[in-house]
Structures are given as C-alpha cells and as structure tokens.
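I am opening a new notebook page. The plan is to look things up and write down what I find.

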Amino acid sequence: MESKKRYTITSALPYTNGRLHIGHLAGAYIPADIYARFKRITDNDVAYICGSDEHGVAISIRAKKENKTPKEIIDKYHALIKKSFDDFGISFDNYSRTSSKIHHETASEFFEFLNKKNCFEIKKSKQLYDPVENQFLADRFVEGECPHCGFEHAYGDQCENCGSSLSPEQLINPISKISGAKPEEKETTHWYLPLGEYENFIKNWFLKDKKDSAKSNVYGQVKSWIDQGLESRAITRDLDWGIPVPHKDGDGKVLYVWFDAPIGYISSTKEWAKNENKDWELYWKDKNTKLIHFIGKDNIVFHCIIFPIILKAHGEYILPENIPANEFLNLEGKKFSTSKNWAIWIDEFLKDFPNMQDSLRYTLTVNAPETKDNDFTWKDFQARNNNELVAIFGNFVNRVLVLTHKYYDGFVPESGDLNTAEKQILKSAYEVPQLISDALDNYKFRQAINLLIDLSRLGNKYLADEEPWKLYKSGNVEKVKKIMFVALQLCGLLSVLSEPFLPNASKKIRQILNIKEKKWTELTISNPILKEKKQINKPALIFRKIEDEEIKNQISKLND
C-alpha cells in the first residue's frame, strides 16, 4: 500500500430544496464515504468536505411554491439533509452551508481576485424578462420546448430529457415559471468567464493527462463538450437571492450558483480547518495534496471544465486529481421523480429499516451505476441482504464464533505448525487488503466490495472442506485448533476490511473479537490479527433477514 498522503475529498453539494433519496446516495455520497474511510484506514491525512448548496433558482422556485422566504426554505431542508447524512453515517469531516458568512466572504474574495486579474468579460446582452413579475429570468425560471429533441419541459440551461446544454433564448415557446407569462427580451449587463480562452488548458490537463485515469463516462462527456467548442459563460445573474456581486455596478445581481457553489468546498474546508486548528491552504494549495470530486453525471461539466478553469484562472489552487462521476440510479425501472413521489427517501428508509444502513450501503455499492445507469429494486435489495450479507458474510462469522465458544470457551486456540494448505489460505486472505486497495484507488467500488464478500466465501468453503465439527467428534483436536485459528484470522480480517463498506458491521464484529480499530497497513501475515489465547465475546447477530412482507409493504407504498 502507498505511503501516507494528503487527500481533499468532496461530495457534490446537495440543493436545499428537497429531501435526500437513495439515488443521491448512490451517486455522490456512498462512493465518497467509502473512499474517505479507506484513505483514513490506510493511514492518510483526509479532509472529507461537503455542505448544503443554498443559492440558485431552485431555492427561489421552491420558496414561491411554498409561499415562504428562501431563508425559511434553506433552513428547513439544510436541517433535514444534514440529519439524513448523520443518521445514515456519512463520515464528513465538515458539512457546511453556502449561506454561511465564511462562504459569502470566500466566494466574494474569489470574484474580486479574478476581477482584478481581468479574467472576466463584461458584456451587455438581451435576456428574457418577466413583464408580470418585473424581473429578469435566470435559466431555471424559463421552461419551453427543447430545440434538439422536442421535449416540452426543458429548462433554460439544460434539457433533462436529452441532456443537451441550452441557453434560454434557444427554447421554443418559452414561458416564465414564475408567472406563466411569455417572456420579453430586455438588455442587461453581466460578467462572463471566457471559457474559450482555456480550451487548450482543458485539452492538455484533462483530455491528454487524464486519458488513462478518468472514468470512460466522464472522459466521453468532457470530450464532447470540448469538441463543440467552449463559449463564454455568465457568472452573474439578475436575482435577489444569492451572494451579491461585490462590485460598484453589481446592484441587483448575484453570483451565478455554479460559480459560488464549488467554492463552497473551499469555504467548508476553511471552516473545518479553523475548528481543528489546521492550515486550510495545505488542502487546496499544496501540490502534494490530491483533490477528488465525487459527483453525479449531471455535474460533470461543472467539475471537469468550469470549476477547474476558475481554479486555473486564480492560479494559486491545485486542480482535481480525479472526478469519478457515477451515472444515474433508477428505481424499479423508472427515473426517480420527487414531484411524483417516485423515490425512496433516506429518512423514511431509516424508519422502516432501523439499523440497516449497511444493507443499503452494500446493495447500492454492489449495484453502483459506475459507468452506466443502473436500477434499484426492492426485491434485489432483499436478495442481496439475505443471500449475500446474511447467508455468506454473516453466516461465516457466526459459525466461526459459535464453534470457538463451543470448543475453546471463547479463546483463540493455539495454531501449532500450520501445513501448506493452511498457510495458503492465510496467504490468499492477506492478499485481499492490497487487492481491495487497488480497486478503490481505481474507483472500482463494485469490484472492491465483491472482493470483500469473496473473502467470506473463501472462509465458508474452507470450513465446508475441512469440516472441523467432524474432526472434533473423531478426536483430531490438534487439527481442529489449526482450522479454527485460520478461520478466526479470516474473521479478524473481515472485521477490519469491511469498515469502509459496512461500518456498523465492522464495529460489531470488532467488538465481539475484542479488536481495536486497525490501519490496513498493520495487516501482515507475520503478525496475526487475533493472537493465540485471546478471549473473544459471545456472537451476536451481524445482519438480519428481510421478510417478504416488508418488501411487499415498500412496493405498495411506492405505488400508492
């Protein structure tokens, strides 16, 4: 395994305009959490950073729908989102919010710094204006027909049906989402980031240097954008909700949410560093730090093109090492839809399946939409839990613990001299940490968690082949000691290696085995994880079976 390094790991900032569902977890949060836990447990310096994205038109739209102020909306949903993350066990080092003072200051300073460097173009343009509400319409306040696919509900910045990037004036028959009126064109002035000037930078930094390390789905989307040519993009908006443009001509204007939101990673790191008495600049400006962004595919362009250009234009910041974006997760064959309540909400899942976070983590990881969209079904969730976590992983650990108490009153037996076959089992088992590390370092989370389950399969096969219960009855007690010693080492390894994936199960097994939290760098075949004569506690249920009735209830709840 690699020597100690510093990592800044981020998950996409969730919008505070609704609750979290499992599609969000599968995209940007479970993979990042696994990776952050993995990097900590392999003895690295980690800052895992996130926060609520509390500006932008989505917040204003929700506020108008609920007849509340934007502040009331963000306070409500920030609290709900943060609680869901806490209850689910996502291990952020800091979870902040973009309405905070430190974020407003950081984003404003960024704008002022770039403005002084003459990084912006200031241009007048005609933009859509709502004559009823007397306000300019930001991209998401405009809806109309997509000029590419004909979808009737495309937004002014993107068609969610075909994925095309749009501008409001391209929409056919546009309407204001605020009043329903037909927009008019009116002149306004904005600051633009000239993305076209950075095309060669993106070509060299990403398309050339990241060709072998970037995920194929990410690389393909970035290449497609570059092939179309980059155009200047406004980084200010005519809105009354957001960070005011810090300029004498900025009255009535705010920073575009996609300028301010990624800077939220930096302000959240500042907040964390201040609380922990650390130097935040090491995590953003030291070339030895690795910056990794975990996102969903809808955020690829912003994290692979726009935010890196902003960092490059500033000149003092490191650039992302990787942006391992996942594709989308569907639910029972259909897209998640919050408006139609076609979703599995995290807070509701935790009420219906208390203490079963690991089962959902497992299903969403083994079925992760790593390079293509994937599907979650309740029956698959039940099958994964019952047939893999319970019947393979939990079954192996339980059998070994029960036999250890039955034969040795809960003490690890002496191994004596192991034969070639027993040594080979241990050798294979102690190769797994490196194999999992290699998979995770390449962002292959499905492969990594399958290696973990394969280790428990190895243990089950070993017990089935050796049949220690028969040997014990026949009086071959010395052979049984060797078998049980080897099997216990596999349980010990599983307890440590499962921490990034199944943190609750890992903790339970370690408590039973009386093992303290261990770094993976400490796992060596010459230093057994469970020493001879060590006492272990009595076994307890690691995973529980999910009954058919529970799944029927969830399916009927979805279809209500």
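**Entry 1**

My scale calls a residue buried under 20% relative accessible area, exposed over 50%, and partly exposed in between, with a 1.4 Å probe and protein chains only. I note that this is a predicted model, where local features need pLDDT of at least 70, side-chain atom pairs count only at pLDDT 80 or more, and totals for chains, interfaces and linings use all residues. Residues are numbered from 1 along each chain as its sequence is written, and side-chain values use heavy atoms, with hydrogens and water left out.

Which residue meets Glu-281 in a salt bridge? I found Lys-285, at 3.5 Å from N to O. The rule asks for a side-chain nitrogen of Lys or Arg within 4 Å of a carboxyl oxygen of Asp or Glu. Lys-285 has a relative accessible area of 24%, so I logged this residue as partly exposed.

**Entry 2: other salt bridges**

I counted 45 salt bridges by this rule. Asp-441 and Lys-39 form one of them, with their closest N and O atoms 2.6 Å apart. This pair joins distant parts of the chain: Asp-441 belongs to helix H14 (residues 432-441), Lys-39 to helix H1 (residues 22-41), and 402 residues separate them. I took helices (H or I, at least four residues) and strands (E, at least two) as DSSP runs, numbered from the N terminus. Asp-441 is partly exposed at 28% relative accessibility. Lys-39 is buried, at 1%.

Next I checked Glu-109 and Lys-270, whose side chains meet in a salt bridge at 3.9 Å, N to O. This pair also links distant parts of the chain, with Glu-109 in helix H4 (residues 101-116) and Lys-270 in helix H7, 161 residues apart. Glu-109 counts as partly exposed at 44% relative accessibility. Lys-270 counts as buried at 15%.

I also noted a network of salt bridges that links Arg-19, Asp-347, Glu-348, Asp-352 and Lys-557.

**Entry 3: rings**

I searched the whole structure for aromatic pairs and got 36. Rings of Phe, Tyr and Trp (its six-membered ring) pair if their centres lie within 6.5 Å; planes under 30 degrees apart count as stacked, over 60 as edge-to-face and the rest as tilted. Trp-280 and Tyr-317 are a tilted pair, because their planes stand at 35 degrees, with ring centres 6.4 Å apart. Trp-280 sits in the loop between helix H7 (257-276) and helix H8 (282-285), and Tyr-317 in the loop between helix H9 (300-314) and strand E14 (329-331), 37 residues apart. Both Trp-280 and Tyr-317 are buried.

How are the rings of Phe-349 and Phe-353 arranged, stacked or tilted? They are stacked, because their planes lie at 25 degrees, with centres 5.1 Å apart. Phe-349 is buried at 2% relative accessible area, and Phe-353 is buried at 1%.

I listed one cluster linked by ring pairs: Tyr-7, Tyr-35, Phe-38, Phe-294, Tyr-443, Phe-445 and Trp-520.

Then I looked for charges over rings, which requires NZ of Lys or CZ of Arg within 6 Å of the ring centre and within 35 degrees of the ring normal. Lys-123 lies over the face of Tyr-192, 4.4 Å from the ring centre. The charged end of Lys-297 sits over the ring of Phe-328, at 4.8 Å from its centre.

**Entry 4: Phe-201**

I found Phe-201 in helix H5 (residues 199-208). Phe-201 is buried, with 14% relative accessible area. Leaving out residues up to four places away in sequence, Phe-201 touches Phe-206, Pro-308, Ile-309, Lys-312 and Leu-319. Contact here means heavy atoms within 4.5 Å. From C-alpha to C-alpha, Phe-201 and Lys-312 are 8.7 Å apart in space, though 111 residues apart in sequence.

**Entry 5: helix H11 and the whole chain**

How many residues of helix H11 (residues 357-366) are buried? I got 10 of its 10. Among them are Arg-361 and Tyr-362.

The protein chain has 19 helices and 15 strands. Of its 560 residues, 56% count as buried. The C-alpha atoms fill a box of roughly 95 × 55 × 40 Å along the principal axes.
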